[in-house]
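Take a look at the model, try each task yourself, and then follow the solution.

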Amino acid sequence: MSSEMTKQNEKIVMRVSVNSMIVNLVLSVFKVGAGFFAHSSAMISDGIHSASDVFSTVIVMIGYKLSGKSSDHNHQYGHERLECVAAILLAMVLCITGFFVGVSGMKKILGLDTTALVIPGTLALVAALLSIVIKEGMYHYTKHAAKQVNSSALMADAWHHRSDALSSVGSLVGIGGAMMGYPLCDPVASVIIAIFIIKASYDIFKDAVDKMMDTACDDHTLAQMCAVIGKLDGVLGIDRIQTRQFGARAYVDVEIVANGDLTLEQAHNIAEKVHLTIEQEFPQVKHCMVHTNPYREAYKES
């Protein structure tokens, strides 16, 4: 990936993050205010949840900025894994959020929280509907950007938006149910939503850990790489190809087969062509190491 593309991706992440922070600040103030005026504890909690997203977005911005630092003497392979650390922190925040949403719901179901009996006003219902629409839109907006720059931390932030939208769905069901005379709708919905939030946090955590443990690229990407290499002039076969994910980037080690009668310079030129082609065709690849093996009789028979 070129330095120009790296800067472009950083601009995308920062723009999306700043937009997220502005939306979350405005939305959290509105929801907390609506909760107070409409006497809805669920909406106040939902507003606090939105405010916590600001903290999550700050983690994303710091994590992505640090992961883009150039290599140095002590970190010769770069700092990409710091983004995975940011994703893990976000997963923990998401898991804790889901846990407390679930605990709050269970307390109301068991009758340990008397606020569940309060009938909220219409303003709380409107705030919940508005929150669902805005947060679901922010989820798709952030998810699109995360895929565009291949950022696990930004994808984790996208799921944090989705968790907030789900919380607002729970608030909507609970507020609506309470207004219709079914106060238990709120806590039951909260517990179900908490399960989904915790499941999302697990998926984000697993993805980040996999990228920190040199997990290989998926089979489809590997097959595409082999197809690209096999079409290059001078490449007679592939003895071995290995990949490992390093944060949001990947490293490739490949052993190609070339004519054994070539000069060292000619063999080097073929290897250099493979190296450059892989890094150009697959932007997520940070470096491709190529080793050239001489042509063997086994290839003639096959």
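Buried means under 20% relative accessible area, exposed over 50%, and partly exposed in between (1.4 Å probe, protein chains only). The model is predicted, so local features need pLDDT of at least 70 and side-chain atom pairs count only at pLDDT 80 or more, while totals for chains, interfaces and linings use all residues. Residues are numbered from 1 along each chain as its sequence is written, and side-chain values use heavy atoms, with hydrogens and water left out.

**Exercise 1.** Which salt bridges does a search of the whole structure find?

Solution. Begin with the idea: side chains of opposite charge can pair when their charged atoms come close. The criterion is a side-chain nitrogen of Lys or Arg within 4 Å of a carboxyl oxygen of Asp or Glu. Two salt bridges turn up.

- Glu-136 pairs with Arg-162, their closest N and O atoms 2.6 Å apart. Because Glu-136 belongs to helix H4 (residues 122–149) and Arg-162 to helix H5 (residues 152–179), the pair ties together parts 26 residues apart in sequence. (Helices, H or I with at least four residues, and strands, E with at least two, are DSSP runs numbered from the N terminus.) Arg-162 is buried at 19%, whereas Glu-136 is partly exposed at 24%.
- Lys-199 pairs with Asp-203 at 2.9 Å between the closest N and O atoms. Both lie in helix H6 (residues 185–212), four residues apart, about one turn of the helix. Lys-199 is partly exposed at 46%, and so is Asp-203 at 38%.

**Exercise 2.** Over which ring does Arg-162 lie?

Solution. The test asks for NZ of Lys or CZ of Arg within 6 Å of the ring centre and within 35 degrees of the ring normal. Arg-162 lies over the face of Tyr-139, 3.8 Å from the ring centre. Arg-244 also has its charged end over a ring, that of Tyr-251, at 4.6 Å from the centre.
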